[in-house]
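Q: Please take a close look at one helix and its packing partners. Which residues make the contacts, and how do the helices run against each other?

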Amino acid sequence: GWGGSAAVPGAGRGCARPEPKVDAVSAKVRNSCRVLSETLHTIGEASARLQRDVRTGTEAVLISHARIVLSSCSSSLRGVERAKTGMLVSPLAARAPAPRKRALEKSVPALQSALDRCSTEFAAMSSPGKYSDIRDYGVNSSLRAQVAAQDFENTALSYLQSIGVKVRPF
């Protein structure tokens, strides 16, 4: 079993136990946030590849990286509204302390703005002849989106904890 052996006192302490069952509303909120979190993490991964190759990568490699960042930002932007609705419109929102709810309400538009800017900038940088823009501005542009994603995730995690929803990898 999950509790360890009866023959060894204290055995099994610290072992993983199954999480308690989650009600349908909490599961819906958790799942929408999990999907957004996973897409936000792809921004950091794409940004890391761009940083790694920005000085030595060929034009084709950098344009490929720029398109991956564009795809990551665009995918994340599409998921923000669903996660926002799940967090702020669900019946669980009534549990949230007002300061945490206000912080989340402010962080959502900030994230949307950063992702929109990322999508716009990387769409332009992915165009033919914009190789030097990727080399000169791509890393900073991707880092802005990555920082906005991390700020949002910290705010969202605090909010979700306050309403009793556990989300990983947030």
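This is a predicted model: local features need pLDDT of at least 70, side-chain atom pairs count only at pLDDT 80 or more; totals for chains, interfaces and linings use all residues.

**Helix α2 and its neighbours**

A: From α2 come Glu59, Leu62, Ile63, Ala66, Val69, Cys73, Met87 and Leu88. They meet Tyr131, Ile134, Arg135, Ser142, Ala145, Phe152, Ala156, Tyr159 and Leu160 of α4. By class, this contact has 14 nonpolar residues, one polar and two charged.

Now the geometry of that pair. α4 covers residues 131-162. Its axis lies 11 Å from that of α2, and the packing angle is about 25 degrees. An angle under 35 degrees counts as roughly parallel, so α2 is roughly parallel to α4. The crossing of α2 past α4 is left-handed.

Next, α3, which spans residues 98-125. Here the axes are 8 Å apart, at an angle of about 155 degrees. That makes α2 roughly antiparallel to α3. This crossing is left-handed. On the α2 side, the contact residues are Ala66, Val69, Leu70, Cys73, Ser74, Ser76, Leu77, Val80, Glu81, Lys84, Met87 and Leu88. On the α3 side, they are Lys101, Leu104, Glu105, Val108, Leu111, Gln112, Leu115, Asp116, Cys118, Ser119, Phe122 and Ala123. The contact of α2 with α3 divides into 15 nonpolar, four polar and five charged residues.

The remaining partner to cover is α1, residues 24-53. Its axis and that of α2 (residues 59-88) come within 8 Å and cross at roughly 160 degrees. α1 is therefore roughly antiparallel to α2. α1 passes α2 in a left-handed crossing. Their contact holds 16 nonpolar, ten polar and four charged residues.

A word on α1 itself. The helix has 30 residues. From first C-alpha to last, α1 reaches 44 Å, close to the 44 Å expected at 1.5 Å a residue. Asp23 caps the N-terminal end of α1. One of its side-chain oxygens lies 3.1 Å from the backbone nitrogen of Val25.

Technical notes: Residues are numbered from 1 along each chain as its sequence is written. Side-chain values use heavy atoms; hydrogens and water are left out. Axes are lines fitted to C-alpha atoms, for helices over the stretch in contact, and angles run from 0 to 180 degrees between N-to-C directions. Helices (H or I, at least four residues) and strands (E, at least two) are DSSP runs, numbered from the N terminus. Angles under 35 degrees count as roughly parallel, over 145 as roughly antiparallel, 65 to 115 as roughly perpendicular and the rest as oblique. A crossing is left-handed if the near helix is turned anticlockwise from the far one by less than a right angle, and right-handed if clockwise. Ala, Val, Leu, Ile, Met, Phe, Trp, Tyr, Cys and Pro count as nonpolar, Asp, Glu, Lys and Arg as charged, and the others, Gly among them, as polar. The expected span of a helix is 1.5 Å times one less than its number of residues. A polar contact is a pair of N or O atoms within 3.5 Å; within protein, one must be able to donate a hydrogen and the other to accept it, and residues adjacent in sequence count only if both atoms are side-chain atoms. Contact means heavy atoms within 4.5 Å.
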